[in-house]
Amino acid sequence: MSEHHTLEGTFATPDGARFAIVIGRFNHFITDRLLEGALDALARHGVPKGSVVVAKAPGGYEVPLVVKRFAESGKVDAVVALAAVIRGSTPHFDYVAGELAKGCGAVMHETGVPVLFGVLTTDTIEQAIERAGTKAGNKGFEAAVAAVEMVNLRRAMEAAGY
Ligand code: INI
């Protein structure tokens, strides 16, 4: 039996790859930090500034529509979705977070373009702050790193004939 063949994405700069970042402005105190993290991650992975486009939607509920337009454009290799949905005293959270997750997933599956889910869904503002550049890291940074990995995985799969 021959060795099995593992396909995985590296964190090397994906040459010529273009990235879109879609951010929800709602809770911008948090989402601005997620955007900083995502831009920092792409820059540190060697992605030129000119290969990154950022679009700002009003809130998480609208993010999937903007993600869809980028994914369908054929002009980007991955889309990073960033938003912060923080639970309040009504069921609003569930509608916004549910639509956001469902919408981003649907776009990814319909278009075949990786959509990275850098979305905070937290019970408290403190939990959101912790995940936006303080003690629990920065989920925007992590999502952008995963975008680089997915672009490279896709290229590795293509090169292997899949
Ligand atoms: N949008 C968010 O991104 N996060 C939230 O926590 C949030 N809450 O809690 O209301 C939120 N609401 C706005 C929503 O995304 C839409 O922009 C709005 O309902 C208009 O369609």
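**Figure 1. Helix 2 and helix 3 lie roughly parallel to each other in this predicted model.** The two helices pack at an angle of about 10 degrees. Angles under 35 degrees count as roughly parallel, and therefore the term applies to helix 2 and helix 3. Their axes are 9 Å apart. Helix 2 covers residues 63–73, and helix 3 covers residues 92–111.

**Figure 2. Residues in the contact of helix 2 with helix 3.** Helix 2 contributes V63, P64, V67, K68, A71 and E72. From helix 3 come E99, L100, G103, C104, V107, E110 and T111. By residue class, the contact divides into seven nonpolar, two polar and four charged residues.

**Figure 3. The largest pocket and the residues nearest its centre.** This pocket has a volume of about 200 Å³. Its lining consists of 14 residues. Those nearest the centre are F26, N27, V85, H92 and V96.

**Figure 4. Elements and residue classes in the lining of the largest pocket.** Two elements each give two or more residues to this lining: strand 3, residues 78–86, and helix 3, residues 92–111. Helix 3 is also a partner in the contact with helix 2.

Figure 5. Along the sequence, the elements follow the pattern β-α-β-α-β-α-β-α-β-β-α. The C-alpha atoms fill a box of roughly 55 × 40 × 30 Å, taken along the principal axes. How does the radius of gyration of the protein chain stand against that of a compact globule? For 162 residues, a compact globule would have a radius of gyration near 15 Å. The protein chain has 16 Å, which agrees.

Notes:
Residues are numbered from 1 along each chain as its sequence is written. This is a predicted model: local features need pLDDT of at least 70, side-chain atom pairs count only at pLDDT 80 or more; totals for chains, interfaces and linings use all residues. Side-chain values use heavy atoms; hydrogens and water are left out. On a 1 Å grid over the protein atoms alone, a cavity is a set of points where a 1.4 Å probe fits but cannot get out, and a pocket is an open set with protein on both sides within 12 Å along at least five of seven lines; lining residues have an atom within 4 Å of a point. Grid points are joined across faces, edges and corners, and a volume is the space filled by probe spheres set on the points. Helices (H or I, at least four residues) and strands (E, at least two) are DSSP runs, numbered from the N terminus. Ala, Val, Leu, Ile, Met, Phe, Trp, Tyr, Cys and Pro count as nonpolar, Asp, Glu, Lys and Arg as charged, and the others, Gly among them, as polar. Axes are lines fitted to C-alpha atoms, for helices over the stretch in contact, and angles run from 0 to 180 degrees between N-to-C directions. Angles under 35 degrees count as roughly parallel, over 145 as roughly antiparallel, 65 to 115 as roughly perpendicular and the rest as oblique. Contact means heavy atoms within 4.5 Å. The radius of gyration is taken over C-alpha atoms; the globule rule is 2.2 Å times the number of residues to the power 0.38.
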